[in-house]
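Q: Could you take a close look at one helix for me and walk me through what sits on it and around it?

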Amino acid sequence: LADIEWKYGAFLLKEKNPVLGSFLKKEETTLTGVLQNLRQQPKERVKERILEIEALLALNRKAQKWMKTVMRLILGIMLAGWMIIIFWFSNQPATESSEISGTISYRLVEDTDEIFNWGLTTDQIGNIAGNIEYPIRKAAHMTEYAILGWLAFAFSGTFEMRQKVHYIAALGFAFCYASTDEFHQLFIPGRSGQFTDVYIDT
């Protein structure tokens with residue numbers, strides 16, 4: 001039993017989870033329960049039961065590996081798709097981008113005026129919209145890269161690494177992509193690449 005405890009205990013410490021628990025007997029959910037159950041079994045049954053559980057553990061490891069591969073693929077596709085969306089937004093000329101953010105700003109002020117019944121004139125709405133257009137544009141950039149950072153962090157989580165390394169990898173990825181994004185904007189009419197925007201996006 002000492003040999004069984006050493007061998008079996010290592011498996012449970014590494015592999016204990018709800019999926020495996022559904023295969024084990026009710027009294028085998030802890031190492032103590034396993035040993036108590038084995039002590040009540042004939043000697044030939046003990047070895048047979050150990051082999052059964054080792055087979056379940058091997059199956060469980062394969063299932064976990066497969067699920068991790070599927071999640072890595074899904075998150076990788078989502079991450080690549082979001083990068084394409086950011087590229088598409090950055091590929092818009094300054095006039096088109098400004099028109100979109102200006103329309104959103106104007107609609108936001110207009111709807112707020114209707115809700116609170118401020119009685120603003122068209123000119124006043126236009127002036128307020130013009131004042132908030134820049135922060136709204138920057139907030140949109142930050143939102144884009146917040147989503148990118150989350151996806152990058154989730155994708156890196158499918159690889160075996162320490163938690164701190166996950167954060168560093170996601171942050172580094174966001175910084176690198178923001179840098180290439182600002183460089184890309186140097187070639188778009190009316191737009192410019194600014195290193196301060198790299199920090200804001202990161």
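A: Let's start with M142, which is partly exposed because its relative accessible area is 45% (buried means under 20%, exposed over 50%, partly exposed in between, with a 1.4 Å probe and protein chains only). M142 has its place in helix α6; helices here are DSSP runs of H or I with at least four residues, numbered from the N terminus. Keep in mind that this is a predicted model, where local features need pLDDT of at least 70, side-chain atom pairs count only at pLDDT 80 or more, and totals for chains, interfaces and linings use all residues. Residues are numbered from 1 along each chain as its sequence is written, and side-chain values use heavy atoms, with hydrogens and water left out.

W150 is exposed, because its relative accessible area is 54%. Together with M71, I74 and M78, W150 forms a nonpolar patch on the surface, with about 410 Å² of accessible area (patch residues have over 30% relative accessible area and no salt bridge, and nonpolar side chains are joined within 5 Å; a salt bridge is a Lys or Arg side-chain nitrogen within 4 Å of an Asp or Glu carboxyl oxygen). Helix α4, residues 43-90, gives the largest share of that patch, three residues.

Then there's helix α5, residues 94-116: its axis and that of α6 come within 8 Å and cross at roughly 125 degrees.

How values were computed: Patches are made of residues with over 30% relative accessible area and no salt bridge: like charges are joined within 9 Å, nonpolar side chains (Val, Leu, Ile, Met, Phe, Trp, Tyr) within 5 Å. Accessible areas come from the Shrake-Rupley method with a 1.4 Å probe; for residues, only the protein chains shown count as cover. Helices (H or I, at least four residues) and strands (E, at least two) are DSSP runs, numbered from the N terminus. Axes are lines fitted to C-alpha atoms, for helices over the stretch in contact, and angles run from 0 to 180 degrees between N-to-C directions.
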